[in-house]
Number of protein chains: 2
Amino acid sequence: MTEFLPLARAARVAAHTLATAPRTAKDAALVAMADALLDAQDAILAANRQDIERGGLNGLTDALIDRLALNEVRLAGMADGLRDLVGLTDPVGEVTRGWTLGNGVQVRQVRVPLGVIGIIYEARPNVTADAAGICLKAGNAVLLRGSSSAVESNRAIVTALRAGLQAAGLPEDAVQLVEGGREVTDELMKARGLVDVLIPRGGASLIEAVVTGSQVPVIETGTGNCHLFVDDSADLDQAIGIILNAKVQRPSVCNALETLLVHAALAASFVPRAVDALADAGVTVHGDAAACALDPRIVPAAENGWDAEFLSLDLRLAVVKDLDAAIAFIRRHTSGHSETILTSELAHARRFTAEVDAACVLVNASSRFVDGGQFGFGAEIGISTQKLHARGPMALPEMTTTKYVLVGEGQVRE
Amino acid sequence: MTEFLPLARAARVAAHTLATAPRTAKDAALVAMADALLDAQDAILAANRQDIERGGLNGLTDALIDRLALNEVRLAGMADGLRDLVGLTDPVGEVTRGWTLGNGVQVRQVRVPLGVIGIIYEARPNVTADAAGICLKAGNAVLLRGSSSAVESNRAIVTALRAGLQAAGLPEDAVQLVEGGREVTDELMKARGLVDVLIPRGGASLIEAVVTGSQVPVIETGTGNCHLFVDDSADLDQAIGIILNAKVQRPSVCNALETLLVHAALAASFVPRAVDALADAGVTVHGDAAACALDPRIVPAAENGWDAEFLSLDLRLAVVKDLDAAIAFIRRHTSGHSETILTSELAHARRFTAEVDAACVLVNASSRFVDGGQFGFGAEIGISTQKLHARGPMALPEMTTTKYVLVGEGQVRE
């Protein structure tokens, strides 16, 4: 185990070089990193088998083992992910605003890298390469704090990525694995001045621990307790399709639907119809008292369960009096990720999108579209549910900050 | 003393109303608040006299008493500040990006208020009205955590501001004073979910306490250990003017010059010339060994003092070998506020602006231009020295976040 501070200082030095590296150098490094990953395939898969074996002995669930497991196809996907970044515009150097003061001083606001980014994540080795690639393309050094369950895989992947950096002539300390016990996470969270931002990627408890424990600025990602309100003016055929898509297409992700709100005026007819479709798709519906009274297949929802994500084929359902009640309900329970209204009334769409406070608000579309890939960003480091810096899907520009550059000819302030 | 939580919850409710308040309503409220301040002039000045009397008994310095003191002119200035906001564009509702997905779903990224903003500040009653006005114009509720030294003044000012809000038909809980001991500041810093962002305004120790103690996201403002490097290619007449302006025009503020770096090749001739001008302006120069050897008027700088702000008519001076050494020096000591190079070499200007990591980098101009007013923003809540969300002078747009609004016609994800 390396000590944390020397490693963070080395990342800071590497970040200085990366900050002025031209796009061609960064793109060449991404290609070299992809090549190095494939060159190291045997070592990486052998390391991964060690992690899986230890995970089995330690009683990891099948779902966790599946997320941890690598194979040739997944590794090729990681390499392709790095290559895909080559085609994306470099955000660094973009002039976001510019003007000239009355006295002739030129002002430009320019995108620059954040510097050193810390990623704290769970036992998903693919995140190691994804996060390193995105940080690098935006000119940042990255400190990767992966899970101890994936440590052998992460070591092998990081070794390969660093070999790629070196082959391309960029500092290998731009990508570093942070190993060690819980006290190292604490050091990372206290490393103000050395680490510019922390991004936790994982479940609600990981995110909560980082958000409340860190002195380094954090970008909060991911928790999605997403609601969908079926207004009495909604197209009900469309509604069934959107609800199924939002719940069933990939239930384990943060933009999946967790709570369905149905306008009271159409509940008696629509709720049984929705439950038909949901039950056919294998979804268990957990209802409030009003919902349970409408369909015997609905099981009573846990009293205090309306704030949590299921991330499974389960859906809560509540009957609400009207649009006002739906907005009030969402305000009480939203995690600020993605909230949907199905309506044909322009005034209702307008009120819902204005009054519901979330990273994304949707009208007549599935919340599964809230995703960097779907948005056309070409990459995604996560979906921010906080309000500072970045909100919603985060891609390369969100991995930068800005700097004002003022150029004069001797001007002084009167 | 009111309890904190009910007050924060009331702010959240008020924020919901403000978020959808049209510009006309907010502008009318700003005018009403300005009127109410002037109507309450006698009460506010009487309250201020109480604070000043207590401050005198408690041994506040003359400088602090001066910052605390109000009079008719200063109060009129506060009212004018509120009225000036009326003329500024409302950032809320600005569409910052927008596109249409391949399947026809429209995506818009729209500016929306942050929600509830907490301001933690020192005994400057003018900040009470300034901050309330800026937060309100951007659609936010504000919790004002002023100093106990200014409590009577702040109470009287907030009472007037709330009367103005009420007269204009906006919720008076949009502006609230947070009173009580240190434990209330702790509550404010832990109020995740109720308070969206904290902005400390004041000295380095106040900012440090908030930045390290808060679980609510913080925007760090203000500390400015600003350097100026005189390159060997600089126009030396211009240099004297810029150095004097940056140091002397208003030494107590964060964009004032604190450390002068002089290229070794011109040190022998330039340092005595600079000290002539600085001494004439009443500035004490504190030098490193090389500087002290060049001019007997230079006093030795404190060994470990190169990271701090003087905020007075004092200036540190170090001789550096070249541009590389200047950049390395600045990296060691910068607070990330404003850093300046004086040069006629394009390549040096380019390297300095690219390699120095600060909110603002300047070429051949005084760092005193780093200011929301000078930038033409019309208002300023502070100068951010952090990299997340906002960096450099912050005005109305920086008091907002964004929200993605997606509008479809039944689209689902394949």
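A: Two strands pair if DSSP finds at least two bridges between them, where strands (E, at least two residues) and helices (H or I, at least four) are DSSP runs, numbered from the N terminus. This is a predicted model, in which local features need pLDDT of at least 70, side-chain atom pairs count only at pLDDT 80 or more, and totals for chains, interfaces and linings use all residues. Residues are numbered from 1 along each chain as its sequence is written, while chains are lettered from A and ligands numbered from 1 in the order in which they are written.

Q: Which residue in β4(B) is the bridge partner of Ile120(B), and how many bridges join β3(B) to β4(B)?

A: The bridge partner of Ile120(B) is Arg145(B), a residue of β4(B). Five bridges join β3(B) to β4(B), and the two strands run parallel. On β4(B), which covers residues 141–145, there is also a parallel pairing with β5(B) over three bridges, and Leu144(B) stands opposite Leu177(B) of β5(B).

Q: In what order do the four strands of this open sheet stand?

A: The four strands of chain B follow the order β5-β4-β3-β6, with parallel pairing, and the sheet they form is open. At its edges stand β5 (175–177) and β6 (197–201) of chain B, each with a single partner strand, so one side of each has no neighbour in the sheet. Neighbouring strands are turned against each other by 20 degrees on average, with direction ignored. Angles here run from 0 to 180 degrees between N-to-C directions, and axes are lines fitted to C-alpha atoms, for helices over the stretch in contact.

Q: Which helix packs on the sheet, touching β3, β4 and β6 of chain B, and which helix lies across β3 and β6 of chain B?

A: Helix α8 of chain B, residues 182–189, packs on the sheet and touches β3 (116–121), β4 and β6 of chain B, with a direction that makes about 150 degrees with that of β4(B). Helix α9 of chain B, residues 204–213, lies across β3 and β6 of chain B and runs at about 160 degrees to β6(B). Touching is judged by contact, which requires that the C-beta atoms of two residues, placed from the backbone, lie within 7 Å.

Q: How many of the residues of β3(B) are buried, and which ones lie on each of its faces?

A: In a regular strand the side chains alternate between the two faces of the sheet. A residue is buried if 20 or more other C-beta atoms lie within 10 Å of its own, exposed if 12 or fewer, and partly exposed in between. Strand β3(B) is mostly covered, with six of its six residues buried. Val116(B), Gly118(B) and Ile120(B) are buried on one side, and Ile117(B), Ile119(B) and Tyr121(B) are buried on the other, so that both faces of β3(B) are covered.

Q: At roughly what angle do the axes of α2(B) and α5(B) cross?

A: Two packed helices are described by the angle between their axes and the distance between the axes. In chain B, the axes of α2 (residues 23–39) and α5 (residues 72–86) come within 8 Å and cross at roughly 170 degrees. These two helices are therefore roughly antiparallel to each other (an angle over 145 degrees; under 35 is roughly parallel, 65 to 115 roughly perpendicular and the rest oblique). From α2(B), Asp27(B), Leu30(B), Val31(B), Met33(B), Ala34(B), Leu37(B) and Leu38(B) take part, and they meet Leu75(B), Met78(B), Ala79(B), Leu82(B), Arg83(B), Leu85(B) and Val86(B) of α5(B).

Q: Which residues of α2(B) are buried, and what covers them?

A: The buried residues include Lys26(B), Ala29(B), Leu30(B), Ala32(B), Met33(B), Ala34(B), Ala36(B) and Leu37(B). Their cover includes α5, α6 (125–137) and α7 (151–167) of chain B.

Q: At roughly what angle do the axes of α2 and α5 of chain A cross?

A: In chain A, the axes of α2 (residues 23–39) and α5 (residues 72–86) cross at roughly 170 degrees and come within 8 Å. Helices α2(A) and α5(A) are therefore roughly antiparallel.

Q: How many residues of chain A are in contact with chain B?

A: There are 54 residues of chain A in contact with 53 residues of chain B. Among the elements of chain A that each supply at least two residues are α10 (236–248), α14 (346–355) and β13 (360–365), while β16(A) gives the most, with 11 residues. Strand β13(A) also pairs in the parallel sense with β16 of chain B (residues 400–411), over five bridges, and Cys360(A) stands opposite Tyr404(B) in β16(B).

Q: What is the phi of Asn364(A), and where is Asn364(A) found?

A: Most residues other than glycine have a negative phi. Asn364(A) has a positive phi of about 55 degrees although it is not a glycine, and this residue is found in strand β13 of chain A. Asn364(A) is buried, with 22 other C-beta atoms within 10 Å. In chain B, Asn364(B) has a positive phi of about 55 degrees and is found in strand β13 of that chain.
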